[in-house]
Amino acid sequence: MMYAEWSDRLLHWVATLEKDFFQPVGELHFQGFTTYEHMSYEQASCQDFTTFPSDTPWGDEWEYLWLRAIVPLPENKAKQPLVLKLQPGGESCIYVNGNAFGTYRAGWVGIEHHYMVDNYLDEDIACNGRFELMLEVYAGHFYPNGQINFCAPGPVLPGSYENERKGTPRAVLGKSEIGYWNEIAYQLWLDVKTLEQTMQQMEAHSLRARKIEKALQEFTLRVDFEQPLEARVHDYALARECLKEALACKNGCTTPVFYGVGNAHLDVVWLWTLAETERKILRTFAAQLRLLERYPEYRFLQSQPQLYDMCKKRYPKLYQGIREAIGKGSWIAEGAMWVEPDTNMTAGESLVRQLLYGITFFEQELGVNCEILWLPDTFGYSAVLPQLLKDCGIKYLVTQKIFWSYNDGERFPYHYFTWQGMDGSRIDTFLPTSYTYRTDPKELCETWKKRVQEDDLSCFLLPFGYGDGGGGPTRDDIELALRQADLEGCPKIKMTHPVELFEDLQDMGGTQHCYVGELYFDAHRGVYTTQADIKKGNRRAELALRRAEIWSSLARAEQGYSYPHSKLETLWKNVLLNQFHDILPGSSIERVYAQANALYQQTLGEAEAVCQDALEALQGKEEGYFNDLSWERTILMKKDGEDALLTLPSLGYQSLCCAVLLNDDQKACIEKTDYGYVLQNNHVLAAINSNGEMTSFILKESGRQLAGGSMNCFRLYKDVPRNFDAWDIDSMYELQGVPLQELATVEIGANSPAKCSLRVTRKISHSILVQEIILYANSKRIEFDTTIQWHELHRLLKVSFPIKVLAQEGINEMQYGYVKRPTHRSRRYEKDRFEVCNHRYSALCEESHGGAVLNDCKYGVSMVDNCISLTLLRAAASPEMATDQGLHQFTYAFTGWDGSFLQSDVVRQGYELNCPPVKSLVPSLGQSYFSIKGAENIIIDCIKLAEDQSGDLMIRLYESKRASTLCELVTPLHVVQCYQSNLLEKVRQPLAMLPAGIPLSFRPFEVKTLRLVTCAR
């Protein structure tokens, strides 16, 4: 261990050396103007600039400052590098001589020289002995942040966390300079930093540590700072020589290898809007291109086609430079999905489109065949992913978020493993512990020491560089990595494509561990609920596009309708963008959601217009309904003023003339009792008490009671997370119930044979809830159509349904099937899963019966013992104060069944709640375009035309109940040939076609894509 005299001396010497990196030669004198517009460089150049001196305050929220300066090339007798030392007042795009140059990094970057080390000016790019410098600087904006933890204000005192800078300038233009960069001082500092940190990581009395100590002592003796620059530079050169031997020592043969790749983890939005992201793209991409030119060994990875597409449209010259770097192999375009999305709440077809459009962009635009799904910051990983990835030819998954175990949860056991999904598909996976590593010895050694997997692992993935708009890696990161290519005492670093890691690991024997099921993230559980309008918009938009594609495809097959390929792709990409992992989960700032909700409304309107156009092409002259579900369904309607039932064919239509009047047994009725009300029809009998709670739910056929207590029971909790307010629900929320003392008022609403209902009005804390409890004729479910004016802060609202079953696991629908999760809290594993994600239903059952809660836009749910509690609303305080305030409308429902879950109609009930039929004019005779013969558990989820515009029909089906199944696909369309395809719509094999239909075989939870070649009848 270095004695205190020496260690303190070393600290002084290192700190002083850092001060000697930059020698100013002249101040930059700017002209400027402010604007809220998003301008190109050319547009900004044409504006009126006025003198903008140093120390000028500037900037309202969301405002930008354009600065311009003419910088004469200083006389440079010593041929030292020139750098810019800028102080513009905010994160900035830098242009030099009209070209995108780089970034003045985000304000949270804590190392001073990182703001200038990459902004070096090559003299050969000077024009007529000068540089023209332009900056686009962002003033920033307010959002409520935490004082103890990030985005976690804790309890909020009234009036706190307000925008104290509102109406005053947010930034000040500081003194900016051009100067010489003392490269030898910088290189010496890197040498010293490398050795000093290596020594600190070693056993204090080892020979290697002692030799490094001696070398560092010699450094302090060789360097005399208190002399002119030329003499200091001479000393720096001598000091580097005395460190060479220590830096030349090589590792042994059992040293771990880190596979380093630069990345910038550039969120599409988060604490900034999409317009700011476009600027972050220029700042980051331009800076990284210049680093790639300077360091041939360096590799930089960028994963999201959405960002490439934005770059292409706004900065075409920069985009061309990126394409050239990709062609050289230095810039790595890899990632597979259109954006890095949430994978819990997105529908199955949305995940398919993320892959389809993402991989296609990489192939067609960038000439890259993707092999990795790169999702470092997503909040948990659906068990359907391995199947979808394998079907797209993706070999590997990289993520890391699972290791954010700040809740003392059960630590994930592996870094390198095979992940087995719900259908048995497998994909090799690597989980580093960060996506913003540094490359210094301390970071590498501590990362290796803290790894959770000590066996069967000799390599590690190292994605390094500032993320979140910080600009990606700096010269420091690359220089330090180069010094540790094979430095005794440190892990080795090789800068390379991450695919090489997987290939090398496979050569060493491959994965020795398998993890089965979803990769559940034991944090960020609030994201299933926060920003409720976004969740609703997502569900509605996914279903609207599903309808539009189904009817457009069938109109094309039947009537030669012009299928709107380009329009549908654009609408899908709107939805995919909004599924980014900081939009759909609700973890962005307020302005992001104003823009995202507007995009949903636009998308819904245009998707519905496409659907209407297609239906008009299929229309006849009689009133009727179109059904976009792949089974017969019976709906209520009016026939000659009388209540009637109409059976709609699978994926087809039916005329109103085929409706059958309700018989007495099917009719709904309502009766007032001493204890409340009774609603019943031919299937169910439900009792509602005077507080709007359902105290009984009886299946009439068997007489079975399913209510295990008061159902539709509202629970309000204090919800003050200690971390990440919009993201998290802490487990102790259950101990913080808020009493709901005011009783509801209940009155009869509708009372007809087709529909009977109760209107419930009640106050919930500061909020008003109005609910219609509905039973339709011939229905198996009670629906709760709910409107709430939500005016809460740090509150969590749930509605509970205790069911009379004994179930140790609950069933939560997810993409293309379901996942089972524990309903008890026996050990840490079960306790961690106190809040989980569902799609259209959650169910509890025995082998003989069960019950389910359905929903039309809610994703968060908890299950304890025999109770399903659907999470309705939250009220987070950061990064948007009092999130979700205002009007919310949603519907949930309860249904039950006798028999096993396989025999239940829960999947269909969930679809029917979400997918109402469309009333329109239809041909006189009913028609089914597609149906499944012999299996109620097979769902047709998507019908579309092939992306290659061949006119072929693509049909996507899945098995929904974990049961191997044989069935037939039946269609009256003239199908010439049927092929099994992959998700990228590439043909795999022809399928047999029989007169009765196309035979199909499904394994549990299998997703199957068919390509049908048709011709007009």
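Reader: Which residue in E29 stands opposite Glu 671?
Author: Glu 671 has Val 678 in E29 opposite. This is a predicted model, in which local features need pLDDT of at least 70 and side-chain atom pairs count only at pLDDT 80 or more, while totals for chains, interfaces and linings use all residues. Residues are numbered from 1 along each chain as its sequence is written, and side-chain values use heavy atoms, with hydrogens and water left out.

Reader: Why are E28 and E29 called paired strands?
Author: Strands (E, at least two residues), like helices (H or I, at least four), are DSSP runs numbered from the N terminus. Two of them pair if DSSP finds at least two bridges between them. E28 and strand E29 (residues 676-680) have 4 bridges and run antiparallel, so they count as paired.

Reader: What makes E28 and E32 edge strands?
Author: The open sheet has 5 strands in the order E28-E29-E30-E31-E32, paired antiparallel. Strand E28 (669-672) and strand E32 (704-705) each pair on one side only.

Reader: Which strands pair with E46, and by how many bridges?
Author: Strand E39 (residues 795-802) pairs with E46 over 7 bridges in the antiparallel sense, with Val 799 opposite Leu 870. Strand E45 (residues 860-864) is joined to E46 by 4 bridges, also antiparallel, and there Ser 862 has Ser 869 as its bridge partner. In the hairpin of E45 and E46, 2 residues lie between the strands, and Asp 865 takes a positive phi near 55°.

Reader: What makes Glu 213 count as buried or exposed?
Author: Buried means under 20% relative accessible area, exposed over 50%, and partly exposed in between (1.4 Å probe, protein chains only). Glu 213 is at 4% relative accessibility, so it counts as buried. Arg 210, at 34%, therefore counts as partly exposed.

Reader: Why is the pair of Glu 213 and Arg 210 called a salt bridge?
Author: The term requires a side-chain nitrogen of Lys or Arg within 4 Å of a carboxyl oxygen of Asp or Glu. Glu 213 and Arg 210 meet at 3.1 Å, N to O, so the pair qualifies. Both residues lie in helix H4 (residues 207-222), 3 residues apart, about one turn of the helix. By this rule the count comes to 56 salt bridges.

Reader: How do you know that Glu 985 and Lys 944 tie together separate parts of the sequence?
Author: Their closest N and O atoms are 2.6 Å apart, and they form a salt bridge. Glu 985 lies in the loop between strand E54 (975-981) and strand E55 (987-990) and Lys 944 in strand E51 (residues 938-945), so the pair ties together parts that are 41 residues apart in sequence. Both Glu 985 and Lys 944 are buried.

Reader: Where do Arg 840 and Glu 813 lie?
Author: The side chains of Arg 840 and Glu 813 meet in a salt bridge of 3.0 Å, N to O. Arg 840 is in the loop between strand E42 (836-837) and strand E43 (841-845), and Glu 813 is in strand E40 (residues 809-814), 27 residues apart. Arg 840 and Glu 813 are both buried.

Reader: What makes helix H7 mostly covered?
Author: In H7 (residues 305-314), 7 of its 10 residues are buried, among them Leu 307, Tyr 308 and Met 310. The buried residues pack (contact means heavy atoms within 4.5 Å) against several elements, including helix H6 (274-294) and helix H15 (565-578).
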